[in-house]
Amino acid sequence: EITGKFPGYLSPSAGLKFADVPNGLAAISKVPAAGWAQILAYMAFCEVSQEQTPGSAAYAGDFGFKVLTASDPAEKTKKLNAEIANGRLAMMAIIGMFFQDGLTGSAWGDWANYTASPLRAFENELGVQAPVGFWDPAGFTADGSVEDFKRRRATEIKHGRISMLATMGYITPEITGKFPGYLSPSAGLKFADVPNGLAAISKVPAAGWGQILAYMAFCEVSQEQTPGSAAYAGDFGFKVLTASDPAEKTKKLNAEIANGRLAMMAIIGKFFQDGLTGSAWGDWANYTASPLRAFENELGVQAPVGFWDPAGFTADGSVEDFKRRRATEIKHGRISMLATMGYITPEITGKFPGYLSPSAGLKFADVPNGLAAISKVPAAGWGQILAYMAFCEVSQEQTPGTDAYAGDFGFKVLTSSDPAEKTKKLNAEIANGRLAMMAIIGMFFQDGLTGSAWGDWANYTASPLRAFENELGVQAPVGFWDPAGFTADGSVEDFKRRRATEIKHGRISMLATMGYITPEITGKFPGYLSPSAGLKFADVPNGLAAISKVPAAGWGQILAYMAFCEVSQEQTPGTDAYAGDFGFKVLTSSDPAEKTKKLNAEIANGRLAMMAIIGMFFQDGLTGSAWGDWANYTASPLRAESA
């Protein structure tokens with residue numbers, strides 16, 4: 001799929017070229033009888049020539065090629081274990097490839113080939129959304145049963161709603177605090193006595209559980225349970241939440257399903273960290289006996305993430321395995337840094353003058369950049385590359401625990417004689433290597449996709465993304481940017497709806513950001529916010545804490561104003577107002593070019609404000625101060641560095 005086929009004939013007598021053999025399972029039908037004979041003969045030779053005595057080294061996979069294994073028993077065991085692990089991964093990979101190839105007739109499982117699949121019955125249902133489309137890896141819908149599909153979808157909607165409520169139940173008390181007064185006056189239990197998270201379960205009185213179960217039963221009994229009905233699919237007729245327009249209703253119900261899926265993932269993550277640490281927010285300080293503690297001061301453990309091992313590779317606490325993996329990471333990082341520079345340098349500096357291979361008449365200038373260069377390297381060049389790789393492995397200290405194994409080869413010009421400085425520089429190398437591993441994989445991907453080392457946008461001539469590259473919001477230096485592929489279907493209506501939504505969010509965020517900043521600079525209005533409640537403007541704190549001070553009538557006014565903005569605004573996709581231009585020429589312009597520039601500036605400012613307000617919310621919620629006052633971080637480990 002990547003390198004293409006060999007030139008010439010696979011079978012000259014049969015007139016069969018290598019290029020005539022399709023990829024994947026379809027190739028089986030093209031192999032000549034003599035080819036099968038050769039394959040079977042080679043398999044028989046491998047079996048007959050191999051040691052078959054149970055317990056022998058060859059039977060266990062060691063054929064004595066020390067360049068592949070090692071003379072050291074521990075190193076040999078490590079390499080044989082690596083081979084077994086790679087083999088297991090390959091067995092999973094090839095079975096997956098066989099499955100999709102056999103099902104679709106394409107070596108890469110093209111969905112367009114599933115024309116008769118029962119899965120097609122559900123690809124236009126609620127919950128089938130870009131960019132994933134219809135996704136059922138477990139094959140629950142493989143039987144094509146519409147009744148079962150509708151029942152599962154209704155169940156998913158219920159689970160999503162419960163999860164959204166549960167997620168908010170975790171977050172809200174952390175930000176706003178608890179209700180005043182008693183949860184159970186008879187039991188003397190105050191709301192403030194109930195901890196956040198899973199620990200709250202033990203504090204709920206029996207009567208509370210009764211109320212919870214009764215409400216759950218009411219929801220089940222009062223809800224329409226007939227498969228296929230609108231209520232069963234999640235639409236209870238509240239048009240203020242959905243819409244009378246079928247397309248708009250579908251969009252909103254789809255949004256609810258998407259939010260519910262996100263909430264299911266969120267609440268499971270919260271349960272996991274809460275159950276593991278005893279803290280609703282998974283406080284690392286509670287992991288006092290964790291084997292992960294053994295490695296939290298090692299090279300590569302860096303702020304702000306700290307020790308990070310989501311796959312649990314170090315859960316067994318093995319120091320030897322940790323050091324081996326860290327040394328492997330350092331090697332991979334170094335290779336990736338060289339590879340990344342190998343992509344970048346020829347683009348900037350050009351190629352060496354003269355010949356790469358005088359005997360082959362191959363000039364450096366003839367070698368393309370990126371993956372395409374692989375096909376141009378002469379055989380002798382590959383020999384030199386492999387010899388150098390072997391030299392690096394053989395000449396390097398491979399004993400776990402040594403400085404060289406950990407990445408320090410004694411070149412003090414690169415590291416340092418001072419232990420602290422050396423640790424800092426080796427940590428910097430690991431960080432740069434990690435970045436380079438991400439970078440080179442991204443470069444490989446775009447190069448393989450576009451045939452250009454830099455993923456030249458000019459190669460995407462037929463891309464539906466081209467439809468939007470001159471729209472508002474497409475600005476230098478990034479240009480059109482849609483990493484999640486929301487516009488991959490080329491739908492103009494969806495694009496305009498999302499852009500209008502972005503403009504609204506940006507405007508709200510700009511107002512919210514100014515709402516954070518202005519009181520800090522100018523102070524508060526004089527007088528009363530609510531004379532009837534005796535609440536002065538000066539009594540309202542800045543930031544999130546202000547939420548608890550707004551009177552009920554104030555919330556009513558806020559919601560009424562929001563509703564007015566929505567109702568009074570043009571909602572027809574494609575109109576100027578829908579795109580953000582309400583005709584205030586003092587804010588935009590009568591000149592089309594100037595108007596476009598100003599609307600683009602508004603979108604850019606809105607994007608910045610969205611980032612700003614989320615950052616302000618985060619630091620406010622974390623520190624209790626609208627500006628994230630550093631004085632509140634009294635117990636922070638970051639304080640240690642100012643000592």
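**Close-up views of a predicted model**

**Figure 1. Overall surface and fold of the protein.** The protein exposes about 42100 Å², and carbon and sulfur atoms supply 65% of this area. The model shown is predicted. Its secondary structure consists of 11 helices and 8 strands. Of the 643 residues, 24% count as buried. Among contacts between residues at least 6 apart in sequence, 44% join residues at least 24 apart.

Figure 2. Helix H3 spans residues 146-176 and includes Arg153. Arg153 counts as buried because its relative accessibility is 13%, which is under the 20% limit for that class. When neighbours within four places in sequence are left aside, the contacts of Arg153 are Glu125, Leu126, Gly127, Ile257 and Arg261.

**Figure 3. The largest cavity and its lining.** The count of cavities of 30 Å³ or more comes to 3. The largest cavity has a volume of about 40 Å³. Its lining is formed by Glu156, Ile157, Gly160, Arg161, Met164, Glu256, Ile257, Gly260, Arg261 and Met264. Two elements, H3 and helix H5 (246-277), each give two or more residues to this lining. By residue class, the lining of the largest cavity comprises 4 nonpolar, 2 polar and 4 charged residues. Ile257 and Arg261, which belong to this lining, are also among the contacts of Arg153.

**Figure 4. The aromatic pair of Phe6 and Phe18.** The whole structure contains 7 aromatic pairs. Phe6 is in the segment before strand E1 (9-11), whereas Phe18 is in the loop between strand E2 (16-17) and helix H1 (33-49); the two residues are 12 residues apart. Phe6 counts as exposed because its relative accessibility is 62%. Phe18, at 24% relative accessibility, therefore counts as partly exposed.

**Figure 5. The aromatic pair of Phe352 and Phe364.** The ring centres of Phe352 and Phe364 are 5.4 Å apart and the planes stand at 65 degrees, so this pair is edge-to-face. Phe352 is located in the loop between helix H6 (319-349) and strand E5 (355-357), and Phe364 in the loop between strand E6 (362-363) and helix H7 (379-395), so the pair ties together parts 12 residues apart in sequence. Phe352 has 63% relative accessibility and therefore counts as exposed. Phe364 counts as partly exposed because its relative accessibility is 25%.

Terms used
Residues numbered from 1 in each chain as written. Predicted model: local features only at pLDDT ≥ 70, side-chain atom pairs only at ≥ 80, totals over all residues. Heavy atoms only, no water. Helix = DSSP H or I, 4+ residues; strand = E, 2+ residues; numbered from the N terminus. Buried < 20%, exposed > 50% of the residue type's maximum accessible area, 1.4 Å probe, protein only. Contact = heavy atoms within 4.5 Å. Areas by Shrake-Rupley, 256 points an atom, 1.4 Å probe, with all protein chains shown as cover. 1 Å grid on protein atoms, 1.4 Å probe; cavity = no way out; pocket = protein on both sides within 12 Å on 5 of 7 lines; lining within 4 Å. Points joined across faces, edges and corners; volume = space filled by probe spheres on them. Nonpolar A, V, L, I, M, F, W, Y, C, P; charged D, E, K, R; others polar. Phe/Tyr/Trp six-rings, centres within 6.5 Å; stacked < 30°, edge-to-face > 60°.
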